[in-house]
Amino acid sequence: MDNLYKEFEKEALPHIDALYNFALKMTGSSDDADDLVQETYLKAFRFFDKFERGTNCKAWMFRILKNSFINDYRKNTKEPDKVDYDDVSNFYENIKSSDIKTDHLQEDVYAKLMDDDIAASLNNLPEDFRTVIILSDVEGFTYEEIADFIDCPIGTVRSRLHRARKMLYTKLFSYAKDKGFINEK
Amino acid sequence: MMEDKNKILYDITSYVDKEALTEKERQYVKKQIDESPELQLEYNIQKSMKNLVSARITRAKTPAYLIDNIVSKTSDTSKRTKQQSFINGIKEFLFTPKYALGIASILILLTIAYSVFNIPPDGGIKTPNLFVQAENNFASIIAGDLKPQKLCSNAGEVKEFFRSAGVAYATIVPEFKEWNIIGAVVSDEQGQKLAHHVYSDDSGKLIYVYQVNKAHLTSNKLVELSPEIYDNLMSNNVVKFEAHDHSTFLFRHVENVFALVTNDDDTKIEKRFIENLINSNTI
């Protein structure tokens with residue numbers, strides 16, 4: 001048991017920052033993130049003897065956190081944003097090049113945005129889309145790890161990530177325009 | 001057509017992420033991007049958003065109090081699980097002759113290991129073998145590796161078990177209101193049968209008692225104590241060792257020498273357990 005506890009500390013604790021950040025972004029509250037991360041670690045420790053050695057402990061921990069978030073945390077707060085994937089797809093896939101000025105991407109328009117503005121735009125994405133973008137672009141998971149974590153095919157991870165970035169772009173584009181960072185000709 | 005369009009769009013995402021594409025596919029996607037302003041835009045959106053999020057979404061540091069809480073709670077859970085494992089073992093009453101042999105083997109091995117490596121238990125006092133055995137046995141109990149040979153709930157049962165298992169000296173097994181006897185083991189140390197029993201309180205704190213006849217301390221190398229400790233015990237001193245998660249006491253009463261290891265409050269053990277035992281006439 002002592003060895004198991006030491007192994008748990010060695011395997012699981014190094015991922016705490018990644019889990020905490022993810023929890024923070026999913027819940028939007030440091031108190032809720034604290035509770036969620038603590039609950040995740042206690043559950044993980046309880047079932048650590050079931051953890052298959054040599055597999056990805058970080059992904060295993062994230063899966064526990066995600067399940068805790070869905071089963072425990074979210075039940076007690078509010079229903080998640082319902083996403084109609086077809087609607088999202090139709091809307092964001094149909095943004096044409098004529099609708100968006102590519103020179104906005106060349107200019108350093110987004111450098112003018114505050115980090116908080118970017119974080120707020122990210123937080124406003126529907127949960128499933130926010131999840132993949134955080135896991136990929138903040139936490140650096142591979143598609144395979146994300147697929148394992150959210151329990152869906154790699155193709156879904158890829159399409160969701162594609163749409164998530166486009167949604168984020170659209171939100172930031174509007175935001176930058178409102179702030180006057182973009183002058184439409 | 002829509003499927004084809006989506007495929008190239010998603011391939012662009014894979015291209016940006018350097019994922020899920022063969023080299024040949026990557027070259028094909030790059031060619032498509034280079035040739036189409038619309039796909040160039042898609043590529044720029046994907047790349048710029050990825051870079052923006054990576055660079056600008058700040059990662060918070062986990063608060064120290066949260067790490068402390070988690071370490072503390074998992075550590076507590078670990079200890080409770082270990083104790084529960086021992087108590088469950090007692091409840092299941094696993095009597096196996098093979099196990100009895102295992103205990104003796106473990107004890108001898110650990111004693112030898114201690115002597116060879118000369119691990120200082122207290123930072124100075126010479127190796128007390130009764131002490132080392134007791135500490136190791138307590139750790140094994142906590143770890144759930146050492147299970148009782150006999151489920152007992154009162155002193156009479158324990159003493160009868162000791163006698164029937166070949167313990168050749170009078171044993172002292174007091175009863176207390178706040179600690180319940182939960183199990184007993186007899187080990188074989190160089191042909192001598194030696195007595196061990198365990199108490200638990202309602203919160204799961206354990207008291208492990210290993211008792212030998214004082215003659216064993218000079219006749220059996222496996223329990224022999226250093227001259228300093230032996231002299232202290234013969235002078236009726238209680239020798240105490242403190243660790244961060246348990247305390248070990250060595251003391252003598254009548255003809256027997258005891259090694260007691262506990263994770264309960266050490267002052268309570270001294271005042272309510274050891275003093276009562278020493279003042280009792282229970283033999």
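**Helix packing and positive phi in a predicted model**

Start with helix H6 of chain B, residues 129-143: at 1.5 Å a residue its 15 residues should span 21 Å, and the end C-alpha atoms are 21 Å apart, which agrees. The expected span is 1.5 Å times one less than the number of residues. Helices here are DSSP runs of H or I, at least four residues, and strands are runs of E, at least two, numbered from the N terminus.

This is a predicted model: local features need pLDDT of at least 70, side-chain atom pairs count only at pLDDT 80 or more, and totals for chains, interfaces and linings use all residues. Residues are numbered from 1 along each chain as its sequence is written.

H6(B) is mostly covered, with 12 of its 15 residues buried (under 20% relative accessible area; exposed is over 50%, partly exposed in between; 1.4 Å probe, protein chains only). Among them are B:Phe131, B:Phe138 and B:Ile142. B:Gly144 follows H6(B), with a positive phi near 80°.

Next, non-glycine residues with positive phi. Most residues other than glycine have a negative phi. A:Asp151 has a phi of about 60°. A:Asp151 sits in the loop between H9 (143-150) and H10 (154-178) of chain A. Its relative accessibility is 69%, so A:Asp151 counts as exposed. B:Asn236 has a phi of about 65°. B:Asn236 lies between helix H9 (227-234) and strand S5 (239-242) of chain B. At 53% relative accessibility, B:Asn236 also counts as exposed.

How values were computed:
Chains lettered and ligands numbered in written order. Heavy atoms only, no water.
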